[in-house]
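Welcome along! Please open the model in your viewer, keep the selection tool handy, and we will walk through it stop by stop.

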Amino acid sequence: MNLTDRIVVVTGGAGGIGAALSRRFAAEGAAAVVIADLDGDAARAVAEGIGPLAHAKALDVTDEDQVRALVDDTERRYGRIDLFCANAGVTTGGGVEVDDAGWDRAWRVNVLAHVYSARAVLPGMLARGGGHLLHTCSAAGVLTAVGDAAYTATKHASVGFAEWLAITYRDRGIRVSALCPQGVDTPMLADGIVEGHLGARVIAASGAVLTPDQVADATIAGLAEERFLILPHPEVADYARRRAEDPDGWQAGLRKLVRRLTA
Ligand SMILES: NC(=O)c1ccc[n+]([C@@H]2O[C@H](COP(=O)([O-])OP(=O)(O)OC[C@H]3O[C@@H](n4cnc5c(N)ncnc54)[C@H](O)[C@@H]3O)[C@@H](O)[C@H]2O)c1
């Protein structure tokens, strides 16, 4: 897919990776970019910075009625959605002690919201014979987010769901991409690094921390090649291969890294 004249929706577009994707899609020639986020004021600020082709929508991606309304309104206004980016995501910063409300929130934002948007956009895309779903998952979805159990489990689920969609719908014209960055300099990671959280320190020690614009560059390249797995940090492919070939050795290496960082 190239972005010229495309109608695009980005959830979690008020900041970080979603804002960078929104700006980049507009710069690449999209006809409209709809920026949806829990933080409506911040989404409006991003839209105003882009210009008249961008629109903001305040919504909670975990509310299926609101996601359906977003899709219906966009299709009514522009006639179609070419690219839907399910990008909103949350961390918990904890392990098994995180309460059920924390696990539930991670499940709803990181996984169920992807189901809601796919459910809402697929009928129109299938009827038109094409469309692209971009799901922001994480390297945590193919590896592990040390320090965050619910993030790891739900991001693995999000990669699994994206792969299921890709296999099920590819022959009917639907392209699916799973965007799996490792460390990216957004509020999600930056706060953890400043506060010295173990998970953030492991990420910083495992490879480069990219800017959101660098993630947008990798995304544009991945979309152009209609690639399923978009890895802004190419080393993640090597880590995933090592993990698959030797799970015990891979875990031993990570434990060693954690011991070194906490010594
Ligand atoms: N920053 C990283 O290191 C990193 C690495 C890999 C993957 N990711 C993923 O990238 C995506 C974007 O994260 P980011 O780093 O830009 O973080 P961020 O916190 O800057 O942005 C996340 C956005 O999602 C919005 N959001 C959260 N819950 C929502 C909800 N229920 N409804 C609507 N919007 C909601 C927030 O308001 C925020 O604007 C997430 O899915 C995250 O898991 C981030």
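An axis here is a line fitted to C-alpha atoms, for helices over the stretch in contact, and angles run from 0 to 180 degrees between N-to-C directions. Helices (H or I, at least four residues) and strands (E, at least two) are DSSP runs, numbered from the N terminus. This is a predicted model, in which local features need pLDDT of at least 70 and side-chain atom pairs count only at pLDDT 80 or more, while totals for chains, interfaces and linings use all residues. Residues are numbered from 1 along each chain as its sequence is written, and side-chain values use heavy atoms, with hydrogens and water left out.

**Stop 1: helix 7 and helix 10**

Select residues 198–206, which are helix 7, and residues 247–262, which are helix 10. At what angle do these two helices pack? The angle is about 110°, and the axes are 10 Å apart. Helix 7 is therefore roughly perpendicular to helix 10; angles under 35 degrees count as roughly parallel, over 145 as roughly antiparallel, 65 to 115 as roughly perpendicular and the rest as oblique. The crossing of helix 7 and helix 10 is right-handed; a crossing is left-handed if the near helix is turned anticlockwise from the far one by less than a right angle, and right-handed if clockwise.

Now show the side chains in contact (heavy atoms within 4.5 Å). From helix 7 these are L198, R201, V202, A205 and S206, and from helix 10 they are L254, L257, V258, L261 and T262. This contact between helix 7 and helix 10 comprises 7 nonpolar, 2 polar and 1 charged residues. Ala, Val, Leu, Ile, Met, Phe, Trp, Tyr, Cys and Pro count as nonpolar, Asp, Glu, Lys and Arg as charged, and the others, Gly among them, as polar.

**Stop 2: helix 3 and helix 4**

Next, select helix 3 (residues 64–78) together with helix 4, which spans residues 100–128. Helix 3 and helix 4 pack at about 30°, with 7 Å between their axes, so the two are roughly parallel to each other. Their crossing is right-handed. Helix 3 brings E64, V67, R68, V71 and E75 to the contact, and helix 4 brings Y116, S117, R119, A120, V121, G124 and R128. Here the contact of helix 3 with helix 4 divides into 5 nonpolar, 2 polar and 5 charged residues.

**Stop 3: H114**

Stay on helix 4 and select H114. Is H114 buried or exposed? H114 is buried, with a relative accessibility of 1%; buried means under 20% relative accessible area, exposed over 50%, and partly exposed in between (1.4 Å probe, protein chains only). Setting aside neighbours within four places in sequence, H114 contacts A86, V109, H135, T136, S158 and F161.

**Stop 4**

Move to helix 5, residues 149–169, and pick A157. A157 is partly exposed at 27% relative accessible area. Beyond its neighbours within four places in sequence, A157 touches W107 and V111. The C-alpha atom of A157 is 7.2 Å from that of G141, although 16 residues separate them along the chain.

How many aromatic pairs does the structure hold? There are 3. Rings of Phe, Tyr and Trp (its six-membered ring) pair if their centres lie within 6.5 Å; planes under 30 degrees apart count as stacked, over 60 as edge-to-face and the rest as tilted. Select F161 and W164: the ring centres are 6.5 Å apart and the planes are at 5°, so this pair is stacked. F161 and W164 are 3 residues apart in helix 5, about one helical turn. F161 is buried at 17%, whereas W164 is partly exposed at 47%.

For another pair, select Y239 and W250, which are tilted, with 5.7 Å between centres and 35° between planes. Y239 lies in helix 9 (residues 235–245) and W250 in helix 10, so the pair ties together parts 11 residues apart in sequence. Both Y239 and W250 are buried.

**Stop 5**

Finish by selecting E226, in the loop between helix 8 (212–224) and strand 7 (229–230). E226 has a positive phi of about 50° although it is not a glycine. E225 is in that loop between helix 8 and strand 7 too, and is exposed at 54%. D5, in the segment before strand 1 (7–11), has a positive phi of about 65° without being a glycine.
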